[in-house]
Amino acid sequence: MLDSLSNLFTLEALFLMFLGTSLGVVVGAIPGLTGAMLIALSLPLTFGMSGEMALVLLISMYVGTVSGGLVTATLLRIPGTPASMMTTLDGYPMAVEGKSGRALGLGVMASLVGGLVSWGFLVILSGPLATLSLQFGPFDFFALVMMALILIVSVSGESLINGLLSGALGLLAAMPGASAATGQPRWTLGFHELNDGLKLLPVLIGLFAVNQVLNEAWNLNRGQEASILRSNRISLSISDWFSNRVNLLRSSLLGTFIGILPGIGANIGSVVAYSVAKSQSSHPEKFGTGSEEGIIASEAANNATVGGALIPLIAMGIPGSVIDAILLGALVIHGLQPGPLLMEQNPEVVHIIMWTMLFSNLLMFGLMVFSIRWLAKLASLPKHLLIPTILTFCVIGSYALANRMFDVWVMLGFGLIGFFMERWRIPLAPFVIGFVLAPIGEEHLSEGLMQTNGDWSPLLTRPIAGTLTALSIALLFFTVFQHYRGRRVQAKGQDD
Amino acid sequence: MEGLNRFWQASHSTMSPTVNSSRFHSTDRRPNRNSGRDLLKTTVVVGLPFFLVIHVLLLSGCSENALSSAADGREFPQKAIKVIVPFSAGGGSDTFARIIQQAIDEQELLPNPIVVINVPGAGGTIGSRRTKNARPDGYTIMQLHDGILTSKYSGIVHYGPEAFTPIAATGESIMIIGVGENSPYQSLQELMKDVADRPDEVVFASNIGAPSQYAGLMLEKTTPGARFRYSQTGDGAKRFAGLHGGHTDVSAFSLAEYIQFRPSGLKALALLGKSRHPEARDVPTALEQGFDVVSTNMIFWWAPIGTPPERIAVISEALERAMQSDQVRERLAQLKTDPVFLSGSELEEELKTRSELIASVSVRPTLELPDFPRWIAGAVAVFAVLALTFNTVGFGRSGDQSLPEPSNDSTRTDFVSWRNATLTLLTTVVYVIVLSMNAIGYIPCTLAFMIFVGLCLSPTTRRMLVMNGVLALILSVSLHLVFTRIFVIDLP
């Protein structure tokens with residue numbers, strides 16, 4: 001494996017890696033532009049390169065985009081990519097308290113650890129893990145989705161009912177479009193554009209970016225922006241790495257394993273890791289109000305999903321995420337056949353993929369640590385410059401998703417919905433979780449029911465599904481219990 | 001924004017570094033009056049827009065000149081032809097289209113390049129509908145495979161090939177019937193015998209209503225009493241994962257997918273081509289095994305009905321020459337797609353055969369699934385009632401910490417807040433309407449939008465105006481360039 005390092009230390013490869021990582025970080029940070037978009041659109045540009053160089057560029061972009069999302073999530077409360085939504089919950093409150101440098105520092109640290117842990121699994125255990133992931137049948141996936149849905153409870157904020165309402169609304173918003181089972185359009189209200197349903201990107205940037213921009217406009221005359229202006233340096237010490245080791249490791253492992261399961265992906269990895277971190281924390285009540293543990297869990301997990309999702313791609317030729325599907329296309333175009341034979345026939349390619357992932361993670365860490373000082377100033381841009389800029393990016397990003405204006409309208413509509421949801425004290429995160437999970441859950445449940453001819457019992461009798469179902473029920477009781485205990489403690493504190 | 005800037009530098013080194021640095025200063029610095037340096041900066045800042053505008057004008061002037069000279073011969077095409085690919089960027093159809101695009105570009109088979117536009121969604125029907133309704137001038141065409149037939153016959157849309165003028169067929173990929181490596185079936189006979197013995201038990205993983213299901217339906221027709229149990233599983237990778245994990249019994253794959261998954265344990269029972277394929281010599285055809293099933297996927301190019309025949313002929317010829325080039329043949333060999341080319345009457349014939357074949361099998365209604373949307377609507381109703389009863393929702397202070405509390409609510413503050421928020425939203429709405437009307441270009445429209453929003457939100461000073469203007473200009477011009485030149489997105 002070391003031999004192929006020399007391929008990477010050429011001027012061209014290093015330049016491409018630098019270009020890919022920095023572009024990735026930037027695109028990841030810009031609300032409205034996503035990694036999948038960048039990589040899909042860059043693919044034709046790599047036709048002229050050698051296969052190895054194309055992979056160096058695309059993989060470093062992949063690593064960069066997942067990491068970049070944390071910047072805007074923390075500073076502006078706008079997740080640059082869907083995977084960094086959980087980071088907004090604690091990153092932004094910390095930034096408001098004037099600790100934006102610290103929040104970014106922790107996020108970058110967690111991203112690095114997440115990337116490295118999943119890299120370790122990719123290098124050492126990709127074969128057995130990929131085979132294991134194929135044991136997941138449709139009912140097992142559905143049970144996993146159900147477990148993630150239960151997690152809505154833990155990100156509900158102060159009112160459980162409002163969180164559940166928000167989650168249910170999210171599920172509902174995912175219903176129009178092609179039915180998961182038959183592909184027939186449903187609930188389209190006569191709009192042909194709705195045949196494909198509402199897409200995640202416009203909904204997400206509507207709810208967060210447009211809504212936040214409206215909030216900024218709303219608060220412009222209220223002088224609320226001062227606190228975040230205090231720019232500060234990254235403050236991160238060796239002891240932070242050590243004192244958070246359990247959370248870092250656990251979240252990275254969760255992220256890696258969820259990343260391996262095809263189709264589940266980065267978005268859910270960070271949700272699960274966040275909720276588990278909350279349930280294990282000694283200060284669960286701080287989650288959602290600027291908890292350092294929350295940022296670490298979310299960012300470690302979403303970076304870990306990158307390595308996780310590459311595992312089935314390299315070992316079996318099965319893409320674990322949208323971006324991996326594009327990488328697969330890149331491999332094929334360059335005459336490389338992903339799968340177990342790739343390691344035998346073109347070991348140098350596999351090694352290049354692995355080394356690129358390692359070095360682009362390190363490069364990302366370096367880039368972000370050195371640029372945090374300037375990045376943190378982003379939030380101090382005058383609002384009359386920031387607001388139109390964000391809106392312009394949102395419009396072009398939603399449009400570019402499928403080259404149609406319909407998505408732009410969806411984005412604006414959800415901006416308004418998000419604005420009023422928050423004013424009615426309905427939290428946004430459960431909505432997005434419901435919206436992301438509904439199609440995945442419905443797809444797998446339909447698939448399972450079609451395979452068993454309508455029999456639901458495998459949900460309990462299959463070993464994986466049964467375990468996950470039991471876990472979900474336990475988790476449900478535990479989080480509800482924790483929620484009410486937390487409230488009692490709070491109420492008691494107020495009495496004193 | 002810093003990002004964009006870096007992107008810009010990386011991709012267009014032509015821009016002078018001064019532009020970048022002064023932009024940074026103009027936006028990042030806090031207002032700092034009475035400073036000598038400021039004067040200088042203001043001059044630069046005021047001067048730059050003019051400089052840029054002149055550049056943009058020059059650029060557009062140049063391209064206009066080039067256009068008019070090409071237009072003299074009155075030959076088609078006088079501008080770029082848009083090819084709508086109704087699937088996402090990075091997928092198989094997209095890759096194919098971009099290979100052809102590159103060949104046409106590099107070998108200058110057309111006087112203007114072709115541009116690939118991805119309009120994904122709903123099994124390719126979002127893009128096909130857009131093409132159907134496009135102006136039939138030859139500048140909007142579409143590339144769509146057999147999905148155009150299956151989406152009609154499975155009832156997703158009400159139009160099929162008859163709603164378009166076919167241009168050509170380029171490339172054909174053969175389907176195979178595959179099982180997992182531990183499957184008991186060694187041949188197609190064994191499989192079909194079992195399917196006939198146990199109707200509705202053997203699970204066929206497919207994409208309901210897509211070519212993979214039709215392969216199963218055609219197989220069923222050859223054996224009396226045979227009925228697969230179809231499950232909606234998704235794309236090739238998911239279908240393979242299902243087979244390998246033992247969750248499904250059999251499925252159909254393209255040859256490329258088979259070659260991809262063969263080393264991971266995909267076993268082919270039959271090739272659904274007319275003869276054996278050089279890439280998989282050991283796989284017998286279904287015909288050899290006594291089943292009259294041929295199922296291939298062809299890539300077709302379509303134009304809206306009413307497109308002038310001479311324009312169709314121009315595009316068709318360019319496609320044919322692209323398909324003959326070594327460059328395309330090499331790439332297609334990697335995609336395991338055979339470089340077939342059909343046009344004119346051959347194409348009509350082929351389409352007719354395929355339509356008849358697909359019309360001859362009918363999609364059975366699958367298992368009646370629970371009405372998930374209704375369940376969810378029910379859940380929403382329950383929670384909404386609960387929330388209203390316990391009064392946890394309502395207009396007022398948000399529970400979210402990040403939303404600042406309205407302090408000392410006076411009517412005046414409220415009014416200004418509402419005005420700012422509403423103005424921002426309304427301006428964006430107007431901006432999007434103007435963009436979608438295509439009346440003025442992206443750059444002026446964005447420029448006006450950004451400046452106007454900036455003006456709405458802050459007291460008007462000259463300094464502010466300049467800052468907004470510079471930012472708006474740089475952003476709109478660079479976004480336009482990055483998206484149209486590098487990423488080839490069809491900006492309004």
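Two residues are in contact when heavy atoms lie within 4.5 Å. By that rule, 118 residues of chain A and 123 residues of chain B are in contact with each other. The model is predicted.

**Interface of chain B and chain A**

- The size of an interface is often given as the accessible area lost when the parts come together.
- Here chain B and chain A bury about 10,400 Å² between them, and carbon and sulfur atoms account for 69% of that area.
- In polar contact across the interface are 16 residue pairs, with both residues at pLDDT 80 or more.
- Helix H15 of chain B (residues 411–437) gives the largest share of the side of chain B that touches chain A, with 16 residues.
- The count of salt bridges between chain B and chain A is one.
- A:Glu443 forms a salt bridge with B:Lys238, and their closest N and O atoms are 3.4 Å apart.

**Helix H20 of chain A**

- H20(A) covers residues 429–452 and has 24 residues.
- At 1.5 Å a residue, the helix should span 34 Å, and its end C-alpha atoms are 34 Å apart, so the two values agree.
- H20(A) has a kink of about 30 degrees at A:Leu437, shortly before the proline A:Pro439.
- The helix is mostly covered, with 21 of its 24 residues buried.
- Just after H20(A) comes A:Asn453, which takes a positive phi of about 60 degrees.

Conventions. Residues numbered from 1 in each chain as written. Chains lettered and ligands numbered in written order. Predicted model: local features only at pLDDT ≥ 70, side-chain atom pairs only at ≥ 80, totals over all residues. Heavy atoms only, no water. Helix = DSSP H or I, 4+ residues; strand = E, 2+ residues; numbered from the N terminus. Expected span 1.5 Å × (residues − 1). Bend = angle between axes of the 7 residues up to and from the residue. Buried < 20%, exposed > 50% of the residue type's maximum accessible area, 1.4 Å probe, protein only. Buried area = accessible area lost by both parts, 1.4 Å probe. Salt bridge = Lys/Arg side-chain N within 4 Å of Asp/Glu carboxyl O. Polar contact = N/O pair within 3.5 Å; in protein donor to acceptor, adjacent residues only side chain to side chain.
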